[in-house]
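Please find below a note on the model under review. The comments are set out as numbered points, each on one topic.

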Amino acid sequence: MIEPNGHFCSDCAVRATAVCSSLDLAELREFDHLGRRVTFAAGETVFSEEDITTSFYNVLEGVMRLYKLLPDGRRQIVGFALPGDLLGMNIAGRHNFSADAIGAVTVCQFAKTAFGRFVEDRPHLLRRINELAIRELSQAHDHMVLLGRRSAEEKVATFLLNWRERLVSLGGSSDMVPLPMNRQDIADYLGLTIETVSRTFTKLERLGVIEIIQGGISLLDPARAEALAAASRSYFDF
C-alpha cells in the first residue's frame, strides 16, 4: 500500500538512527518530498535479487528478511533489516539479494535518481551513508565468522545476543527478546537445519539460559549466554 506524501521526516520515529539523521530541518522539509511511505504485507517481496535498482528503502516499521537463493535452490538468509536500516544501495546497479517482509513492514521509498541528486551537494549526508555502509559491511563480516563456527549452540547463542543488541539500540528490552522470524529463518541464517535450531533452543532453555515464550525468548542468564557464545562444542555433554 502506498500512502501519499504528507508525513513529516522531522517526526519520524527512526530519524535518530536512519540516513536522514544528518539533515537539518530545512533539508528535512526538502527530503520529505523525495520519499513515499509504502506498506508491505507479511511475506510480500520488497525487491528481488538481480532486479535493476530503481529505488532505495529506509525501513520505518517491521522486520525484513534479506536472502540469496543458491544454485541448488536452497535459501541463505544474509541478514534481517530493522527500522532505520537503508536498503538498495549497491555499486552494480542491481540488487544483490532479495528482501521480503516478516509481518507488516513500512518503508520510506526513494527514487534512485532523485535521491542521488539530493546527495550530490550534501557531503554530510554522504558521510552518513558511508557510515551505514561500513556498519553493513561489519555485520556481513560478523555473519561470515558466525557461519564458519562449528557449534550450533555457539551460533544460536551469538545470534540471540546480537539480535538483542540491535533491538536494545532501538529502545527494546534487554531481557525479553522478540523473534519475529521463524525457526526456519534462523536456520537459513545460521547455516543449520531447522531440527538443529529447535533442539538447540530447547537445550539452552534446559540449561537455564533462556525461556522460550510466545513470540520470542526471555534471556534469563545473559552472562552465561555470553560464555556459551564463546564456547566450543566440547563444552557441552551430549
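1. Basis of the model. This is a predicted model, in which local features need pLDDT of at least 70 and side-chain atom pairs count only at pLDDT 80 or more, while totals for chains, interfaces and linings use all residues. Residues are numbered from 1 along each chain as its sequence is written, and side-chain values use heavy atoms, with hydrogens and water left out.

2. The largest pocket. A pocket is an open set of points on a 1 Å grid over the protein atoms alone, with protein on both sides within 12 Å along at least five of seven lines; its lining residues have an atom within 4 Å of a point. The volume of the largest pocket is about 1,600 Å³, a volume being the space filled by probe spheres set on the points, which are joined across faces, edges and corners. Of its 50 lining residues, Arg135, Glu136, Leu137, Gln139 and Ala140 are the closest to the centre.

3. Make-up of the pocket lining. Helix 3 (123–148) gives the most to this lining, with 16 residues. At least two residues each come from strand 4, strand 5 (75–81), strand 6 (86–87), helix 3 and helix 4. Helices (H or I, at least four residues) and strands (E, at least two) are DSSP runs, numbered from the N terminus. By class, the lining of the largest pocket holds 27 nonpolar, 14 polar and 9 charged residues; Ala, Val, Leu, Ile, Met, Phe, Trp, Tyr, Cys and Pro count as nonpolar, Asp, Glu, Lys and Arg as charged, and the others, Gly among them, as polar.

4. Cavities. A cavity is a set of grid points where a 1.4 Å probe fits but cannot get out. Helix 4 gives the most, with 3 residues. The lining of the second largest cavity divides into 5 nonpolar residues, no polar ones and 1 charged.

5. Helix 2. Which residues of helix 2 (residues 112–120) are buried? They are Phe115, Phe118 and Val119, where buried means under 20% relative accessible area, exposed over 50% and partly exposed in between (1.4 Å probe, protein chains only). These three lie on the same side of helix 2 because they cover an arc of only 95° around the axis; the arc is that of the directions from the helix axis to the C-beta atoms. The buried residues of helix 2 pack against helix 1, strand 4 (55–69), strand 7 and helix 3, with contact meaning heavy atoms within 4.5 Å. Thr113, Arg117 and Glu120 are exposed on the face turned away from the buried side.

6. Ser98. Ser98 belongs to strand 7 (residues 98–111) and counts as buried because its relative accessibility is 7%. A polar atom of its side chain lies 2.8 Å from the backbone nitrogen of Glu49. Beyond residues up to four places away in sequence, Ser98 touches Phe47, Ser48, Glu49, Arg65, Leu66 and Tyr67.

7. Asp85. In the loop between strand 5 and strand 6, Asp85 counts as buried at 13% relative accessibility. Its side chain makes a polar contact of 2.9 Å with the side chain of Arg166. A polar contact is a pair of N or O atoms within 3.5 Å; within protein, one must be able to donate a hydrogen and the other to accept it, and residues adjacent in sequence count only if both atoms are side-chain atoms. Leaving aside neighbours within four places in sequence, Asp85 is in contact with Tyr57, Asn58, Val59, Phe80, Arg135 and Arg166.

8. Thr17. Thr17 lies in the loop between strand 1 (2–3) and helix 1 (25–32) and is partly exposed, at 26% relative accessibility. Its C-alpha is 9.0 Å from that of Ser169, although the two are 152 residues apart in sequence.

9. Glu50. Glu50, in the loop between strand 3 (45–47) and strand 4, has a phi near 80°, a positive value in a residue other than glycine. At 48% relative accessibility, Glu50 counts as partly exposed.
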